[in-house]
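Subject: The structure for you to look at

Hi there,

Here is the structure I promised to pass on. Have it open beside this email while you read, and take your time with it.

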Amino acid sequence: MNRFIPCLVLYALLTIPSLGFTSASKATPYFSAPYTGEKVQQYDIELPISRHEKETFHIPNDCSKLNSRLLEGAGHWGNRVERRLWMKADDDCRYLNFLNKYSGKASQDFVTDYDFYNARITDFPLRPGCDLNLLLRNPAACPPPMPGMPNFSMFMSSSMPMHQTQEENLKDCRFENGLFRGFIYHTGMGLRCIRDSKAPGYRILSVDFADVNGDDCQDAILRMVPVGRGARPSLLILPLTRCSDNEKFSLPSGSDYPRFGPAPE
Amino acid sequence: MNRILCYFSGHPVIGLAIILLLTAIASSQIGKVEVRISADEMLVQNNEEQEYYRQIQTLFGDEQVNLLYLESEDLLARDKLEALRQTLDKLQKLPYVKKTESLFSVPWVKTVDGYLDKKPYLAKLPKTTEESQRILNEARKNPFLRNILLSPQRDVMAIAIVMQKPDGDAPQWNDESVTRDLNTLAEELRPWYKTSFCIGFPQVRAEIADRIRAEQTSLFPLAIAALLIALFLLLRQVIDILLPIMTAGFSIVWTLGFMGAADIPINVVTSIIPILLIIVGSTEDIHLLAEFRHGQKAGLDATAALKHMSRRMGGIILLTFITTYLGFLSVGLSRIEALWQFGLVASTGLALNFIATIILIPSVLALAGKWQLDGKARIYGGKTRLLAKRYWEWLWRHRLSIIIFFLLWALVAISGIPHIHINHNAIDSLGKDSEVRKKIELVNENLAGLESLSIIVESGIEDTFLKVRYLEELDEIQKYIREKGWSESTTSFADYLSLLNAAFQELDEPLMPESDDIITELMIFLNHKDVSAYVSEDFSRARILVRHSMESSEQLQATLKDLQNFIDHNLDAGLRARITGDSVLTLSATNAMIRGQLQSIAILLVIIVLIIGVLFTELKVGLLAALPNFFPVIVMFGFMGYADIPLNIGTTMAAAIAIGIAVDDTLHFMLRYNRELQARKSHNIAMEYTIYGEALPVVSTSVALIAGFLVFTQASFEPIIQFGALGALVIATALIADFIITPLAVSSLRLVTIWDVLSLRLRKKVLEKSPLFKNLKPWQIRQFILSGRMVEYNKGDFVFRRGQVSTELYVLLTGTVEVCLPGSGKKSCNLLERFTPGDVFGDVALFANIPRKTDAVVKEHSTVLVLTREGIERTMRHRPLISARIFSNLTSDLSRRMIKLISKQEMKNRNQNNDGGRKS
């Protein structure tokens with residue numbers, strides 16, 4: 001008994017920091033479980049690996065195995081839905097890799113405390129890759145929207161509807177509990193919005209934090225889905241960073257943004 | 001048949017022993033008989049349509065469900081839901097319940113914070129009225145709930161109870177136990193819900209089975225009583241009343257034994273067989289007994305009366321049994337199992353009844369027949385004979401008016417036929433007062449109904465229904481059905497995708513995905529198990545499940561035709577669609593049933609025409625005999641049209657069965673007429689005697705049959721009630737037709753039976769060598785001579801004598817006859833000519849129309865065919881070609897005989913001259 005207690009203390013001293021390090025360095029994002037769509041951190045998925053064989057992958061633990069199978073060409077097996085499920089599992093693994101590309105906690109963090117679920121739209125790049133001024137002046141001069149990223153500029157409207165001309169109807173352009181649905185207008189007071197629960201918009205699914213480009217500055221990675229009539233429920237990703245509290249968010253430079261899902265048909 | 005009847009008359013103890021032995025054997029099998037109502041028995045068996053539906057059921061599952069119907073003001077009040085949840089737990093524990101579907105289990109497809117949430121609507125019980133209302137409002141948007149498990153307007157919801165398929169031959173449950181359990185559970189919810197009951201096809205079948213059992217105990221004594229009363233009023237002989245009941249009783253036991261051995265259950269239609277046997281089985285008995293009493297009345301003792309009965313009725317009852325048997329058997333030509341079983345069991349029962357009749361009647365009459373003649377059957381009195389005469393005179397006098405009347409009657413009936421509608425719905429058969437039916441009506445009123453059908457759309461290409469273009473095809477069909485308004489609920493894979501799409505796009509109402517991309521994305525979150533009832537695993541085949549409350553087969557037929565038409569004209573060329581399902585199979589069974597029964601009637605009529613045609617050696621006779629039997633069928637169908645009685649499983653049987661029965665009386669009538677005609681020579685007298693002789697048995701059997709059929713009107717199944725009423729109508733009309741149409745039709749005919757032909761075959765050689773029939777074909781000879789009669793003479797008898805009025809000519813068949821001029825003194829006969837078999841005599845005086853100039857003396861025992869002037873004249877009218885040949889032959893024969901006579905006279909003169917010369 002006398003020897004047992006020091007051993008226990010020693011074990012605790014050795015293991016606790018390592019657990020802390022792991023939790024700090026490895027992101028554990030949420031996923032939508034296949035079939036059920038539930039919010040989960042891990043899931044099992046059975047995928048065809050040949051004409052007659054199927055294999056179950058435990059995501060995210062089996063991401064490397066899944067990648068090997070994909071490299072072997074297994075992703076082509078199965079029907080249309082199964083092939084899409086291959087992609088989904090691959091997307092989730094790639095997202096995990098994207099988050100965990102640079103292990104270790106960034107020393108500068110101006111994003112974690114920000115309430116992204118109620119964020120002002122104006123804090124985000126309206127169209128990643130295009131300056132707001134250029135977008136307002138000459139949108140045609142902007143490069144095309146980056147695939148796989150949200151594009152708020154598509155909600156911008158040059159003319160306001162007649163019944164919404166009252167100034168008081170114009171509100172701050174912001175998410176509310178992770179949802180933005182409405183129209184964006186450029187007024188004398190800057191960008192203003194009319195919120196409309198029937199209008200198209202974006203829903204923030206999750207906000208993960210990681211240093212995705214290894215610049216020692218913590219980044220926030222927002223995953224969104226478009227909502228509203230006609231919206232394709234494909235996952236969009238918006239990595240954001242800033243190096244001071246007063247800055248607007250911008251895309252972290254030098255990171256390879258993973259593109260998810262199939263190419264539009 | 002004659003021999004069998006005679007045998008049992010002579011050996012009554014053996015007959016009774018056989019009866020008892022058969023009864024003992026049958027009794028050992030009766031225990032195996034069970035009341036079993038199955039949905040499949042009302043459907044067409046082994047057809048392609050059913051096979052296709054089975055495949056669809058394997059692929060997509062059953063359409064049918066049981067519903068626990070609940071109605072209450074505050075449907076989702078917490079206490080109510082808690083009680084309901086307990087009931088659902090109990091339901092799930094029942095061995096035959098596969099699963100239940102309700103607000104507790106149907107997923108409420110929505111997103112929470114962007115993630116899909118498929119928790120059921122009542123995953124958490126609502127705490128406030130507002131929350132309850134919100135859940136209800138949301139649930140009412142779900143096409144898989146609206147009108148199926150939740151009324152859109154009223155405070156009505158339902159729990160769908162999906163049943164397990166019974167495994168093996170001996171399931172642990174049956175409709176009765178299922179109904180009992182479910183009713184108990186529904187009863188437990190009464191304190192919370194204003195209305196709560198379970199309803200589904202097990203309940204319908206259990207109700208039918210219950211009623212069958214109840215009716216077996218109530219209708220059976222009623223049928224016996226009806227028969228007893230009818231027999232008592234007409235026959236007044238204790239043993240004559242009891243014997244038909246006894247034969248029916250034995251045959252019922254034997255038939256039930258047969259059903260037990262053959263594993264044929266008692267169902268809606270086979271349940272009427274015992275009663276039918278009591279009614280129908282008595283007819284042969286009545287005819288036999290009537291003939292027996294007829295013999296006794298004529299002064300014969302019991303043994304002689306039995307012989308008389310056997311000789312006179314043996315062949316006839318065999319024939320009438322065959323026609324009735326065919327009538328019953330024709331019902332079994334149907335491909336619907338219930339009708340097939342009915343045809344088989346009823347015809348077998350009838351055959352067994354016939355066996356019981358031919359064994360029991362002679363046996364019992366041999367033992368007890370002599371004690372029963374009490375002379376109270378006064379119908380055979382002299383007055384009756386006079387009545388028959390007057391009746392026939394009246395009938396003959398007014399024949400034209402009567403024919404016109406009957407033609408008008410037939411025309412009126414025919415004009416009613418187009419108004420007949422079709423209905424083959426098991427639920428309808430329960431009648432309007434049925435509790436089960438009322439429950440179904442409530443479901444039909446507040447929900448989408450219990451009836452269902454499926455539209456299967458397929459392309460044969462994988463992933464077809466993952467494309468908007470093809471999903472829209474499903475949607476178009478659903479829209480069309482909604483527009484037409486005959487269904488409150490159509491559901492498909494497109495609806496599920498719309499729900500899923502609306503959840504992801506965060507829309508208030510379900511919306512079809514706009515692009516194939518969206519569908520592909522949605523498919524990640526779709527478990528095929530959730531939609532296995534609507535789309536195949538490879539997405540090449542989809543089902544639209546349609547729930548409806550159409551009970552009328554006609555409406556259903558018109559609706560399906562219209563829908564098929566829409567599909568044919570609007571569906572994408574790459575897709576094929578087929579409508580199937582319970583409603584479609586029921587409809588197809590209706591059509592098959594009607595087709596089959598009309599076919600049965602036609603086949604039966606043809607068989608009757610052929611049998612009678614062969615029996616009377618002339619097709620025309622068969623056709624005329626069919627008239628009094630076809631007429632009641634027309635009247636019956638006309639009546640159905642006017643009285644709004646639908647064609648259903650009961651009414652379609654009525655015509656075929658009733659014809660099979662009714663034709664017996666026609667046969668009896670015609671055969672007696674034939675016999676009387678041969679005995680009495682005059683068709684008027686023959687007809688009077690026929691009416692007189694047949695009045696009692698035909699009226700007795702018909703009244704007994706009508707009374708028996710009317711017993712069915714006390715049943716609680718509409719088709720059986722209608723069957724009884726129509727059966728009685730057909731028998732009553734056939735009775736009228738038998739005493740009006742049959743006498744008028746057959747009086748113009750020379751009836752020659754096959755038995756006459758058979759007996760004449762023995763003398764064929766004689767007839768063919770007769771100069772009278774030279775160059776005539778055998779059938780022409782038969783047609784001519786069968787209007788005559790056979791007479792036996794002993795040696796020394798006179799066939800005719802000098803001075804008698806000449807009305808007949810004679811064909812000698814056997815023996816020798818001498819025609820001579822009456823002599824004087826010792827020489828009593830101056831021989832003119834000796835006749836041998838084949839020769840014709842007596843013709844000269846007949847055609848000269850003068851009294852006989854000669855005597856015809858029989859020299860050895862002879863058989864003579866006697867042909868009357870009337871008969872010959874009738875042949876001249878009806879068969880001029882035969883007559884021409886006969887007269888030509890007669891002329892030749894007469895000339896030959898004249899020449900022979902002249903030669904003989906010359907020879908005589910020459911001899912006399914020679915004698916005179918010698919003397920001189």
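Below I go through what was found, chain by chain and then in some detail. Please keep in mind that this is a predicted model.

**The two chains**

Let's begin with chain A. Its secondary structure comes to four helices and nine strands. Chain A has 265 residues, and 46% of them count as buried. Its accessible surface comes to about 14000 Å², with 53% of that belonging to carbon and sulfur atoms. Looking at contacts in chain A between residues at least 6 apart in sequence, 53% join residues at least 24 apart.

Now for chain B. It holds 30 helices and 16 strands. Of its 920 residues, 58% count as buried. The accessible surface of chain B is about 38200 Å², and carbon and sulfur atoms account for 57% of it. Among contacts in chain B with a separation of 6 or more, 79% come from residues 24 or more positions apart.

**The disulfides**

A disulfide is a covalent bond between the sulfur atoms of two cysteines. How many disulfides does the structure hold over all chains? There are three. Let's visit them one by one.

A:Cys63 and A:Cys93 form a disulfide in which the sulfur atoms are 2.0 Å apart. This pair links distant parts of the chain: A:Cys63 sits in helix H2 (residues 63-71) of chain A, while A:Cys93 sits in helix H3 (residues 80-99) of chain A, 30 residues apart. Why is this disulfide of A:Cys63 and A:Cys93 called left-handed? The torsion about its S-S bond is about -85°, so it gets that name. Both A:Cys63 and A:Cys93 are buried.

Another disulfide joins A:Cys130 to A:Cys142, with an S to S distance of 1.6 Å. A:Cys130 lies in the loop between H3 and helix H4 (132-137) of chain A, and A:Cys142 lies in the loop between H4 and strand E5 (179-187) of chain A, so the pair ties together parts that are twelve residues apart in sequence. Are these two cysteines buried or exposed? Buried means under 20% relative accessible area. A:Cys130 has a relative accessible area of 10%, so A:Cys130 is buried. A:Cys142 has 9%, so A:Cys142 is buried.

The remaining pair to visit is A:Cys173 and A:Cys193, whose sulfur atoms are 1.8 Å apart in their disulfide. The angle about the S-S bond of A:Cys173 and A:Cys193 is 110°, and the link is right-handed. Here too, distant parts of the chain are linked: A:Cys173 is in the loop between H4 and E5 of chain A, and A:Cys193 is in strand E6 (residues 190-195) of chain A, 20 residues apart. A:Cys173 is buried, with a relative accessible area of 3%, and A:Cys193 counts as buried at 0% relative accessibility.

If you number the bonded cysteines of chain A in sequence order, the pairing reads 1-2, 3-4, 5-6.

B:Cys6 is partly exposed, with a relative accessible area of 29%, whereas B:Cys198 counts as buried at 2% relative accessibility.

Finally, please find strand E7 (residues 451-458) of chain B.

Which strands pair with E7(B)? One of them is strand E9 (residues 541-548) of chain B, which pairs with E7(B) in the antiparallel sense over eight bridges. In that pairing, B:Ile456 stands opposite B:Arg543 in E9(B). Strand E10 (residues 576-580) of chain B also runs antiparallel to E7(B), and five bridges join the two. There, B:Ile455 stands opposite B:Ile579 in E10(B).

Happy exploring, and write back with any questions!

Best wishes

Technical notes
Residues are numbered from 1 along each chain as its sequence is written. Chains are lettered from A and ligands numbered from 1 in the order in which they are written. This is a predicted model: local features need pLDDT of at least 70, side-chain atom pairs count only at pLDDT 80 or more; totals for chains, interfaces and linings use all residues. Side-chain values use heavy atoms; hydrogens and water are left out. A disulfide is a pair of cysteine sulfur atoms within 2.5 Å. Buried means under 20% relative accessible area, exposed over 50%, partly exposed in between (1.4 Å probe, protein chains only). Contact means heavy atoms within 4.5 Å. Accessible areas come from the Shrake-Rupley method with a 1.4 Å probe; for residues, only the protein chains shown count as cover. Two strands pair if DSSP finds at least two bridges between them.
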